[in-house]
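Here is a friendly walk through a multi-chain model, written to be read alongside the sequence and the 3D view. Please keep both open as you go.

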Amino acid sequence: MLPTEFAPAFPETVLGLGICLVLLVDLYLPARWRDVTYLLALVTLAATAMAVSDIGLSGTTLALGGSFVADPLASFLKLFVLAALATVFVYSRAYLQDSTYNKGEYYLLGLFAALGILVMISGASLLTLYLGLEMQALALYAMVAFNRDSPVAAEAAMKYFVLGAIASGCLLYGISLLYGVTGTVQLAEIAQALRAGGADDAVTLVAVAFVVVGIAFKFGAVPFHMWVPDVYEGAPVSVTLLVGTVPKVGAFALALRVLVEGLGETGVTWEPMLGVLAVLSLGIGNIVAIVQTNLRRMLAYSTIAHVGFILLGFAAGSREGIEAALFYTIVYVIMAAGAFGIVILLGRQGDDADELDDLRGLSQRSPWFALVMLLLMVSMIGVPPLAGFYAKWWVLAALLDAGQLWLAIAGVLFSVVGAFYYLRVVKLMYFDSPAGEAPLRQGAALRLTLSVNGLLVLALGVFPEGLIELCARALG
Amino acid sequence: MESTYLAIVLSPLAAALIAGLFGRRIGRAGAHSVTILGVAVSCALSAAVLWRQVVDGAPADNVSVYTWLVTDGVRMEIGFLVDRLSALMMVVVTFVSLMVHVYSIGYMHDDAGYQRFFSYISLFTFSMLMLVMSNNLLQLFFGWEAVGVVSYLLIGFWYTRPSAIFANLKAFLVNRIGDFGFLLGIAALLYLTGSLDYREVFAAAPGLQDATIDVGSWQWPALSMACILLFIGAMGKSAQVPLHVWLPDSMEGPTPISALIHAATMVTAGVFMVARMSPVFEYAEAALSFVLVIGAITALFTGLIALVQFDIKRVVAYSTLSQLGYMMVAQGASAYAAGMFHLTTHAFFKALLFLAAGSVIIALHHEQDMRRMGGLRKYMPVTYWTSLVGCLALIGFPGFAGFFSKDALIEAEDLSRIAGAGFAEFCIVAGVFITALYTFRMFFLVFHGPERMDAEARSHLHESPWVVTLPLVLLAIPSVIVGWFATGPLVFGDFFGDSLYVRPEHDVLARLGEEWHGPMSFLVHGFQSPVLYLALGGAAVAWFLYLRQPHLPDQLRDRFGAVYRLLENKYYADWLAERVIPAAGRAMGGAFWRVGDVTLIDGGLVNGSARVVGWGAALIRRLQTGYLYHYAFAMVIGLALLAGWLLIRPGGS
Amino acid sequence: MAGTLFFYTLSAVLIASALGVITARNPVHAVLFLVLSFVTSSVLWLLLEAEFLAVVLVLVYVGAVMVLFLFVVMMLDVNVAQLREGFTRYAWLGAVVAAVLAAELLAIVWWKPDGLPMAATTTPRPADYSNTEMLGTALYTEHLFAFELAAFLLLLAIVAAIVLTMRRRPGLKAQDVSRQVAVRREDRVRLVQMKAEHDT
């Protein structure tokens, strides 16, 4: 049995063992039994989720030499990540089955990424956070290049890799400076050291700037956003789906652990910094999205804009702001997963159908999924009573409470600009004649999950109390 | 009663969902049966509720159905405030909607999107009921948005027509401007009163009469500002100048929609909102003046445009704009009851006119140009006579519904003493003449005179089927009689009870009521006022110009070319709204992109050295080969700026 | 005193060789400069009494990684001149940004931190102190979690590398040893009965 010291990290242990199992099983399976790998990956996720729920939402434990923390937030985020990844796998299976590169490694790398994110979520020291980040990033780099026959994918992966390495370098440099000034990598001790003094020293400030760069890159905030559109467009749709959803939770965890828990004392310096990045992201994301003709590229810029909103929550500099950012992150992941699910649904073998024009007349080809997409788009605009509305509302309320009037105004203004390109999607679906009569992708699991995903956006909008309660409790 | 209210609201929704999602399975007959059943249930129950409120004298009912969430002490909930005001609106909405449902069976008969259409109009009925029955600002806003969305869907119903898509986009965008104001208004009230609930907001309003808001270095009266913002929302929805540009274009939608949404119900939401919020508006005198003046401008100037239109539906559309202006004038003059009464009578006779226009249009196989009509009287007797009723009601011919409501409205405005009242009075009195002129111009061009349609169309001419004519007749009846028995209680009596609030010093209707001695004496009094003769004069001029001397209009047009062009181009408002403003917006967006992304980052920073010669080509080539470096470089620059800013910022080391 | 002299000399060499890595025109020279910088850093670590790390640095980086680098560089035959085309054009801009960043980093040194334990000096260890043992202890107790994670990271790196490089190209003429071994006589040889031919 595990030593008690390892008990809080039981979910990670389960996931790690699951990875080894999937790796070995997939190795000896013929290609036509790929579904076994898929099911095994889902079972692994489920087992990990059970291990997490065993720990539950109770109390905070610091374990493994102070490098690992198990608290309500960690359990909540882990459960969400696992559920979201399972959804991603369901969508991806439908896509991969039709593709020429249906390999078990997709699920394997996905599990690796999940392990990295889980480690980040529970990271209590800069060292583990960094390792988790690298694990997630490395898995994603490989996945972007997954379709080796596509030069676009290879180019996207190369850009992602090089830029990611630079960002990691910045983060690591910041970490080394922090270690230099505080003599420790553990967040709690760093916070303690900074409280004792030195939060305003030049070293700390420069270190904060470097760390913020690393985090902003993970989020994809302007001006560290350039990889986002290229990767979203270049990678296989199933990978874009993964890159665009779950890692954002990891980025949130990274920001929360490092900036709030570790460098909370320097809040006055990074809060305005994130405010600037947020406004830039909102502006560039929303405005450039308008001129896109490719659905994935449009979603990429839309992601950048949403990230702006998440960062606004952090910039509010209050507990409420962070709760709002958490809520926004969760809602964003749900919406983005659904939107990419629709892209997968539209595509067929050899044709990704990811141009905006491919959405034409969807309401006639499939009224139900047009409705699902409508819900998602309208939620992204932030129209009540959908989840996206509440997410935006809460961030804005937090900003106003914190007296950040101008940031709130920027948020509202750019949301209005953003409404334009989401509405264009609605217009294409409902008012244009169908681009082609090609049938939508079949698959009961895909269709069922996608329907649930769409309805969830509505349900969370009508009954947001539960999730709000959870967010508040998680940050306890 | 809660279950009754829920049934009223939910039965159209359920019908809409059934028709929308299972349209193919239940077929055409199934779709219209289920939606008509849904709306009929709703209409019957609404009538019962109105009966209970008015005859049994039940107190206003304020029920909260579901609390969505509570944040910072603000409750967001779904609830119903059913008093005489909302009960009246409920009956109007459901009755007209029912008529339109029945009519659509005939009108949409050959349309491929039959089930979709019925689903949409039921959905609209649901949204409109939610708006009307709301007991709080938030639900009001939801309903407001929901009717807007359904209206958007219905204007673009024939989505294969580019003009329909253009029109619905225009409607949506123009309404966004209004909604922005509306939302700010709600936010302002929330800020001032700390609540979204009507009752609490109303209770807090008197205490806020002198409150101010600092905007920059000015102090503005808070309540007036909030009310003006709310009214900007109403200007969008009720198509008041200058946000009126979408309504004429909305006629691209099917005619039943024009009748239901763009004449009888949705566009009156703004009028209803002002009446509903009367306890707040009463304490915001500047806002009342604003309402009054905007309404007056709309009433007169959009009526003028109707004079030069040849599309039959557009004439009716501009007439709707003008009548909405009248209603707003009544609201601005604190004669809420008169405004609501005009709203009610207008709902009947304008729906009638639209449906009659639709009847003509289908008879002529979707011909809408009045220059190719004429002499239809003998082919379509029912449509002819019902249209005549509608026209007489519209111009305010004594005895018809429009006479009572419009005369009461004008008389009340005459007594108002708030700023802008003089100007408004001129506009609405002059408007009476204009109304009569364009109404009978349309009437004569369509039903009298030479038959200008081609032989092919003439050979198919016949009266419309009963599903079309029945609603016409059913709507014609109230257009005639409703004034006789309703004017007394509605305008001067105690019909609305305490659902409307008027401060004593504004109470023009009470003063007018002192002279009220029943409908007959009102009628006699009408013969003594110049207003009636203006209306009759307008009709007479129309007769002279279009039947007696048909060449005169052309001569007039040549003589007054500039004025004609001004009117024909609708004061260039469309040009402004479609060309200048979006172009400015696009230019700004493009400039942001060019300056911000291309010039500043790529061009200025990265390619700054290649600034003189071969700029364009070099730029593109370099963008492609050096992408990654540019990306990385931008990151490094970002890092340098962040760190530099931290170090030199005030308070740093 | 000698230590200080050593330190500055080695630092100067380290910086010079690092500059050499990015300025050398020949990629092989650049790799060799990199080797030099690794070696000097390793000596610097020796001065800090981190003997184990110093040795590992030389063994792993110089002995393994750099040799691999050299192979790759020689195999790929990179045309540096082409890569450097844009370099001089943007040099001024790069220089500005570099100067700003350098100034910011120097600011750390200029503005002496006051509230931080950064300047605490270390005390020399006794001679019988085992650097390796201490490192091992720390790695397997205090940093066990990070160590395990690093293991998974390496596993991931292997999987990722294989995913991206191993592929079965159609029409590839590779030997399949197991098929060769398992082949039976009947598959390859066909005995044909025919009449003996007679010379005429």
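Helices are DSSP runs of H or I with at least four residues, strands are runs of E with at least two, and both are numbered from the N terminus.

Please keep in mind that this is a predicted model, in which local features need pLDDT of at least 70, side-chain atom pairs count only at pLDDT 80 or more, and totals for chains, interfaces and linings use all residues. Residues are numbered from 1 along each chain as its sequence is written, while chains are lettered from A and ligands numbered from 1 in the order in which they are written.

## Two helix pairs in chain B

In chain B, the axes of helix 5 (residues 137-155) and helix 6 (residues 162-193) come within 9 Å and cross at roughly 175 degrees. That makes helix 5 of chain B roughly antiparallel to helix 6 of chain B (angles over 145 degrees count as roughly antiparallel, under 35 as roughly parallel, 65 to 115 as roughly perpendicular and the rest as oblique). Residues making this contact include B:Trp144 and B:Tyr152 of helix 5 and B:Phe172 and B:Phe182 of helix 6. By class, the contact has 13 nonpolar, 4 polar and 2 charged residues. Ala, Val, Leu, Ile, Met, Phe, Trp, Tyr, Cys and Pro count as nonpolar, Asp, Glu, Lys and Arg as charged, and the others, Gly among them, as polar.

Helix 17 (residues 401-415) and helix 20 (residues 466-492) of chain B pack at about 35 degrees, with their axes 6 Å apart. Axes are lines fitted to C-alpha atoms, for helices over the stretch in contact, and angles run from 0 to 180 degrees between N-to-C directions. Among the contributors are B:Phe403 and B:Phe404 of helix 17 and B:Val480 and B:Gly483 of helix 20. This contact divides into 8 nonpolar, 4 polar and no charged residues.

## Backbone details in loops

B:Ala239 has a positive phi of about 55 degrees although it is not a glycine. B:Ala239 sits in the loop between helix 8 (222-237) and helix 9 (246-249) of chain B, and counts as buried with 29 C-beta neighbours inside 10 Å.

The peptide bond from A:Val222 to A:Pro223 is cis, with omega near 5 degrees. A:Pro223 lies in the loop between helix 8 and helix 9 (227-234) of chain A.

Chain C has 9 helices and 0 strands. Buried residues make up 12% of its 200 residues.

How many residues of chain A are in contact with chain C? There are 33, and they meet 26 residues of chain C (two residues are in contact if their C-beta atoms, placed from the backbone, lie within 7 Å). Helix 5 of chain A gives the largest share of the chain A side, 8 residues. By class, that side has 21 nonpolar, 8 polar and 4 charged residues.

Note on methods. A residue is buried if 20 or more other C-beta atoms lie within 10 Å of its own, exposed if 12 or fewer, and partly exposed in between; C-beta atoms are placed from the backbone.
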